[in-house]
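Good morning, and thank you for coming.

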Amino acid sequence: MMKKLILLVCISISSTACAEIEKNQIAPTYSVENKTKSFFVEPVTLEEQDEVKVLLDKKWYFEVSLLKDGSPNKEVTNCNGLSNALGEGFNALSYREQKVIKAMNKTCLAWSYMGELSASATSYLSDFKHDSALAKQMPPELALIISNDDERRLAKASSWEEMSHIKKMESLNKDQAVYYDNSGGIQKLAVMAKGDYNNDGIEDMVLYMVNTLEEGNYSSTYGYVVTRLAADAPYTLIKQF
């Protein structure tokens with residue numbers, strides 16, 4: 001009788017919600033801000049873990065040519081190919097292209113970590129939202145680091161706000177916002193996915209950050225896995241990549 005009841009419920013709600021009923025756990029969720037539109041002809045909607053894992057071997061709509069002294073150029077067409085080539089010592093054809101390659105690899109790493117997310121038993125992320133108070137709750141590693149002085153300050157800082165002094169926040173949607181600091185830094189922060197990354201039963205969050213400056217051509221890309229260990233606790237950094 002119970003199995004029949006669960007089946008009837010599953011007919012009326014999503015399969016993800018059904019999994020939560022059967023396991024009494026919170027299934028991983030994936031944001032529409034998943035960066036797939038930059039790699040594939042059509043953006044990919046992600047609903048299941050297997051769909052995320054497929055991205056690493058999925059062919060891009062373009063090719064990337066990498067070089068290494070003493071070896072023929074290598075043409076890369078997917079994330080696993082890029083990871084392998086970088087591991088073998090291949091690099092982009094120019095310094096400018098190398099920055100692009102690094103950013104592409106950060107996206108691939110984010111997909112890789114998203115593919116490791118499992119269901120969680122507890123979550124303190126349900127009230128997450130982009131707002132002016134978020135920088136006070138996030139770890140200082142999210143700050144824009146461009147100098148040795150920033151590195152020294154980072155060692156003593158307790159929050160992103162303490163490092164960056166965010167003066168304005170511009171929400172793009174529920175998962176993505178742009179943060180402006182008081183020294184000309186512009187940081188676009190996106191939630192990529194939620195789920196249990198480190199198998200402690202608590203829901204974690206994969207973040208993707210793109211950094212630029214109001215003046216100049218500086219840019220950098222970073223990814224983070226963060227969590228919250230209690231409802232009113234600050235966010236804790238689990239991984240930076």
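In this predicted model, the structure holds 11 aromatic pairs. A pair of aromatic rings is described by the distance of the centres and the angle of the planes.

Let us begin with Phe40 and Trp111. Their ring centres are 5.9 Å apart and their planes meet at 20 degrees; planes under 30 degrees apart count as stacked, so this pair is stacked. Where do Phe40 and Trp111 lie? Phe40 belongs to the loop between β1 (29-30) and α3 (49-54), whereas Trp111 is in helix α5 (residues 95-114), so the pair ties together parts that are 71 residues apart in sequence. Phe40 is buried, with a relative accessible area of 3%. Trp111 is buried as well, with a value of 0%.

Now consider Tyr61 and Phe62. The centres of their rings are 4.9 Å apart, but here the planes stand at 80 degrees, so the pair is edge-to-face. Is Tyr61 buried or exposed? Tyr61 has a relative accessibility of 52% and therefore counts as exposed.

These residues belong together: ring pairs link Phe39, Phe40, Trp60, Tyr61, Phe62 and Trp111 into a cluster.

Charged residues also meet rings. Lys58 lies over the face of Phe40, at 5.3 Å from the ring centre.

Finally, a word on confidence. The chain averages a pLDDT of 91, and 90% of the residues score at least 70. Over residues 1-22, however, pLDDT stays under 50.

Technical notes
Residues are numbered from 1 along each chain as its sequence is written. This is a predicted model: local features need pLDDT of at least 70, side-chain atom pairs count only at pLDDT 80 or more; totals for chains, interfaces and linings use all residues. Side-chain values use heavy atoms; hydrogens and water are left out. pLDDT is the predictor's confidence in each residue, from 0 to 100. Contact means heavy atoms within 4.5 Å. Rings of Phe, Tyr and Trp (its six-membered ring) pair if their centres lie within 6.5 Å; planes under 30 degrees apart count as stacked, over 60 as edge-to-face and the rest as tilted. Helices (H or I, at least four residues) and strands (E, at least two) are DSSP runs, numbered from the N terminus. Buried means under 20% relative accessible area, exposed over 50%, partly exposed in between (1.4 Å probe, protein chains only). A charge sits over a ring if NZ of Lys or CZ of Arg is within 6 Å of the ring centre and within 35 degrees of the ring normal.
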